[in-house]
Amino acid sequence: MKNSLIKYSLGAAALLMMSSNLMAQTPTVAPKAYPAGEVGKMVKLGEDIMMHTDTHPLTKDMVGNKLQCISCHIRGSDGKPGTAHGISTFIGTATAFPAYSKREKSVQTLQDRINNCFMRSMNGKRPIVDTKASVAMATYVTWLSEGMPMKMNPKMPCSPMNSDRWMHGAKHFAKIQKKATHANYVNGKKLYEAKCAMCHGRDGAGKGTFPPLWGQKNGKWLAYNTGAGMSKLNKGAAWVQSNMPKYQGGTLKDQAAADIMLYVDAQPHADFDLRKGLFPESKMGYYNSKVLKEKHTVRSNFKQFGLDIDTIRGDHKIK
Ligand code: HEC
Ligand code: HEC
């Protein structure tokens, strides 16, 4: 009895030590040096694509807005895509793959995960797996996890640094958003204009290097579409609370983050139709998903939380 108690407490102490060691060892910046040779070149190419996704010759034709991967996978103090600590960091991402995705109802590879962001967050077309751009981005993301222990994620296709935060954040903000009224929308507009508009514009079109959040210019969409994580009232609020206003992540109260994203996601965003994001099968080959039809609009994204967009906005401006 005494013996097993000692064993138990020793075990617990060892576990504690192990986990704090792991935390201490977890690198939160990119490795210092690029790998040698061709692999290093691929890492650099992937990094470059992520910084200039909408203008890079290898990806511009697959992007339907004015965003780059770094618009949401924020650069850390080392200046590298996805090394900032907020939710949606790329640190640890590669250790989680292959991983199960509820959305695709299938086990996804890292390339799948990366390429799917093109159809949604980038409002464009899904790159073909194993093309240069696709391999380069996967190589870059894998490099960021060098030296970290592998642990495939059976629940969601994301980094161990993100999964708890997404799971908690999405649940928590779903509860808040389900209670939203027109008053929350009005409050969200007021807060947006006070805290966000100086960088993203009152019209949401972005300013200089500050990225757009909604709307069109010359008939072209500027921001993420209604299939993107950011367009979901709960996930958008979780992301914004963690990362915005820039340099002040973690400062918005729950209700403020919820109301601001209620306002932002109630503005015009492109409809999502999965089939339009995929190249014809003859060109693209196998699409690794059991879900082959999926459509969303601003209206349906609100309905998902039991909300009527007209009542929330107080007008009938969203189709
Ligand atoms: C408008 C914001 C936005 C843009 C732009 C964007 N993403 Fe994402 N990305 C997200 C969000 C939000 C998630 C997680 C939530 C979800 O999947 O619903 C995510 C998840 C990911 C993940 C999983 C990361 C993890 O470990 O949690 C990868 C990999 C990824 N994106 C790659 C990319 C790449 C590559 C690009 C550029 C081609 C890109 N994303 C552009 C918002 C964005
Ligand atoms: C000081 C300027 C600044 C302020 C203020 C600011 N942002 Fe941002 N925002 C940025 C920049 C720059 C990015 C691109 C990622 C990065 O580099 O941090 C970004 C990215 C974003 C994105 C993801 C990319 C996109 O275009 O969809 C969203 C959503 C967003 N901000 C929402 C907000 C909201 C909501 C507020 C107010 C609470 C806010 N931001 C305040 C500068 C700012």
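This is a predicted model: local features need pLDDT of at least 70, side-chain atom pairs count only at pLDDT 80 or more; totals for chains, interfaces and linings use all residues.

Visitor: Fine. Which residues come nearest to ligand 1?

Guide: Ligand 1 has 24 residues around it, and those that come nearest are Cys69, Cys72, His73, Thr93 and Cys117.

Visitor: What does the side chain of His73 do there, in terms of distance to ligand 1?

Guide: One of the polar side-chain atoms of His73 is 2.8 Å from a nitrogen atom of ligand 1.

Visitor: And how far is the polar side-chain atom of Arg113 from ligand 1?

Guide: For Arg113 the distance is 2.7 Å, and the ligand 1 atom in that pair is an oxygen. Ser121 also has a polar side-chain atom to list, 3.5 Å from a nitrogen atom of ligand 1.

Visitor: Which elements give two or more residues to the shell around ligand 1?

Guide: Those are helix 3 (110-119) and helix 5 (160-178). Helix 3 provides the largest share of the shell, with four residues.

Visitor: What is the shell around ligand 1 like by class?

Guide: It has 14 nonpolar residues, eight polar ones and two charged ones.

Visitor: I was looking at Gly169. Where is that?

Guide: Gly169 is in helix 5.

Visitor: Is Gly169 buried or exposed?

Guide: Gly169 counts as buried, because its relative accessibility is 6%, and the cut-off for buried is under 20%.

Visitor: How many residues apart along the chain are Gly169 and Asp254?

Guide: They are 85 residues apart along the chain, and their C-alpha atoms are separated by 9.9 Å.

Visitor: Which atoms of ligand 2 and His200 are 2.8 Å apart?

Guide: On the ligand 2 side the atom is a nitrogen, and on the His200 side an N or O atom in the side chain.

Visitor: What about Pro212 and ligand 2?

Guide: Pro212 has a backbone N or O atom that lies 2.5 Å from an oxygen atom of ligand 2. Lys246 uses its side chain, where an N or O atom is 2.7 Å from an oxygen atom of ligand 2.

Visitor: What pocket does ligand 2 take?

Guide: The space taken by ligand 2 is the second largest pocket.

Visitor: Back to His200 for a moment. Which helix is His200 in?

Guide: His200 is in helix 7. With a relative accessible area of 11%, His200 is buried.

Visitor: New topic, the backbone. What kind of peptide bond joins Phe97 and Pro98?

Guide: That bond is cis, with omega about -5°. Pro98 is in the loop between helix 2 (37-51) and strand 1 (99-101).

Visitor: What is omega for the peptide bond from Met244 to Pro245?

Guide: Omega is near -10° there, and the bond is cis. Pro245 is in the loop between helix 8 and helix 9 (254-264).

Visitor: I also noted Asp130. What is its phi?

Guide: Phi of Asp130 is near 75°, which is positive, and the residue is not a glycine. Asp130 is in the loop between helix 3 and helix 4 (132-143).

Visitor: Is Asp130 buried or exposed?

Guide: Asp130 is exposed, as its relative accessible area is 56% and exposed means over 50%.

Visitor: And what is phi of Asn218?

Guide: Asn218 has a positive phi near 50°, and is likewise a residue other than glycine. Asn218 is in the loop between strand 3 (216-217) and strand 4 (220-221), and is exposed at 77% relative accessible area.

Note on methods. Residues are numbered from 1 along each chain as its sequence is written. Chains are lettered from A and ligands numbered from 1 in the order in which they are written. Side-chain values use heavy atoms; hydrogens and water are left out. A residue is near a molecule or strand if one of its heavy atoms lies within 4 Å of it. A polar contact is a pair of N or O atoms within 3.5 Å; within protein, one must be able to donate a hydrogen and the other to accept it, and residues adjacent in sequence count only if both atoms are side-chain atoms. Ala, Val, Leu, Ile, Met, Phe, Trp, Tyr, Cys and Pro count as nonpolar, Asp, Glu, Lys and Arg as charged, and the others, Gly among them, as polar. Buried means under 20% relative accessible area, exposed over 50%, partly exposed in between (1.4 Å probe, protein chains only). On a 1 Å grid over the protein atoms alone, a cavity is a set of points where a 1.4 Å probe fits but cannot get out, and a pocket is an open set with protein on both sides within 12 Å along at least five of seven lines; lining residues have an atom within 4 Å of a point. A molecule sits in a cavity or pocket if more than half of its atoms lie within 2 Å of its grid points.
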